[in-house]
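Notebook open, structure loaded. I wanted to look up the cavity, the helices beside it and the pockets.

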Amino acid sequence: MSSISANRVVVTGMGVASSLGCEVEAFWKNVIEGQCGIDRVSSFDITDYTCQIAAEIKDFDPLPAFPNPKEVRRTDRFTQLGIFAGWKALEDSAMNLDELDRDQIGCYIGSGIGGLGTQEAQHTVLTERGPGKMSPFTIPMLILNMASGVFSIYHGLRGPNIATCSACATSTHALGEAWRTIKMGDAKAIFAGGAEAAVVPMAMGGFAAMKAMSTRNDDPKHASRPFDKDRDGFVMGEGAGVLVLEEMDHAIMRGAKIYCEIVGYGNTADANHLTAPDPDGKGAARCMQMALRSGGLDIDNIDYINAHGTSTPLGDVAETKAIKAVMGAGSSDVAVSSTKSMIGHLLGASGAVEAVISALAISEQVAPPTINLDNPGEGCDLDYVPHRARDMSIDVALSNSFGFGGTNGSLVFKQLD
């Protein structure tokens, strides 16, 4: 697969909202130090749930990113997280929108689930008080394109605007499709990423009913343990990540700080099972290969992989097989880590937050750790950077995201030449 066009796409701004911080600098410091943001759920009574832990954002204040408190009340928490991360990315990019053509600046902020908290709250109003008492903002609050739509409204961004929804690959696909759009010349810059606020009763109960979540309730900090033999499921996280993707000449023209370049994107399907990955990782392998081809790279170029690594028995083995299929004999030489061990699984927002980590791994020349990896499980025999971050040369990083329905996404980040 050849390059789409001569346009090059770079990362010029980043924003996060996570259990390890809502400022990129503090977030990165905590990641590199191997801190864990997972604890017992505090936002509702979790007593009767089999999984009672999550990576919540404590004391989150969205107001600075909004015009006024009324606007905050008219949005679901996932939208608030997305707006906040986008605002931080705008601030980080030092982009003066008044000096730019806003017709050429877009917004692709997706969500895997959207306003599930709003659905729960308004369903209670409906059943207990009747339809006449429901909020007129019910639908705008719960539909999953609202983070993207509201952010564009607040900042007057009139370029392309979509919200991807592809389960846990959502924000990786948002970034990839934004990359394609800029490559094709249909925008000069796009705020791309994802937001999720699924630490709510419906999601916690539903995922637990699938036996997908960890039940290590007495030891939250050690519950998410990707690739470890004692892993027993993923741990839910909430948050958002937004990156400013920009056509390189446009970024240089305005004197932007450039973190790295995005050079490749893959998007495939397992076509295998509703929730389980292809056991041999075939779809994931094709996705990584597609990303490398689209960037004109081969396996020898890859220094670091930010794995999907959810801490599930099936998923971790399938991804390891996929990496081996792609990397061949070189699979033992590449550093691989799962940062979900620290921030939990942010579902539709995970790919964007992990994209921030991948970009910083290149910018700072540090591979973040996989914490809680005490004894690698059967079939998990790669270099997962256990316990401690590693200073190393990272020219190219690959980030993976795989979701229910068999959807796969991979992005390739490269140090700017």
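I began with the lining of the largest cavity, to which α10 and α11 each supply at least two residues. Helices here are DSSP runs (H or I, at least four residues), strands are E runs of at least two, and both are numbered from the N terminus. This is a predicted model, in which local features need pLDDT of at least 70 and side-chain atom pairs count only at pLDDT 80 or more, while totals for chains, interfaces and linings use all residues. Residues are numbered from 1 along each chain as its sequence is written, and side-chain values use heavy atoms, with hydrogens and water left out.

I used a 1 Å grid over the protein atoms alone: a cavity is a set of points where a 1.4 Å probe fits but cannot get out, a pocket is an open set with protein on both sides within 12 Å along at least five of seven lines, and lining residues have an atom within 4 Å of a point. Grid points are joined across faces, edges and corners, and a volume is the space filled by probe spheres set on the points.

I found one cavity of 30 Å³ or more, and the largest holds about 30 Å³ of space. Its lining is M288, L292, I302, I305, V326, M327 and L398. By class I count seven nonpolar, no polar and no charged residues there. (Nonpolar is Ala, Val, Leu, Ile, Met, Phe, Trp, Tyr, Cys and Pro; charged is Asp, Glu, Lys and Arg; polar is the others, Gly among them.)

Next, the helix pair. The axes of α10 (residues 282-294) and α11 come within 8 Å and cross at roughly 45 degrees. Axes are lines fitted to C-alpha atoms, for helices over the stretch in contact, with angles from 0 to 180 degrees between N-to-C directions. α10 and α11 are therefore oblique to each other (under 35 degrees is roughly parallel, over 145 roughly antiparallel, 65 to 115 roughly perpendicular, the rest oblique). In α10, A284, A285, M288, Q289 and L292 meet A322, I323, A325 and V326 of α11 (contact is heavy atoms within 4.5 Å). This contact has eight nonpolar, one polar and no charged residues.

Of its 32 lining residues, T275, P277, T312, G315 and F404 are the closest to the centre. α11 gives the largest share of that lining, six residues. The second largest pocket has about 230 Å³ and 14 lining residues, with S43, R77, V199, V200 and E238 nearest its centre.
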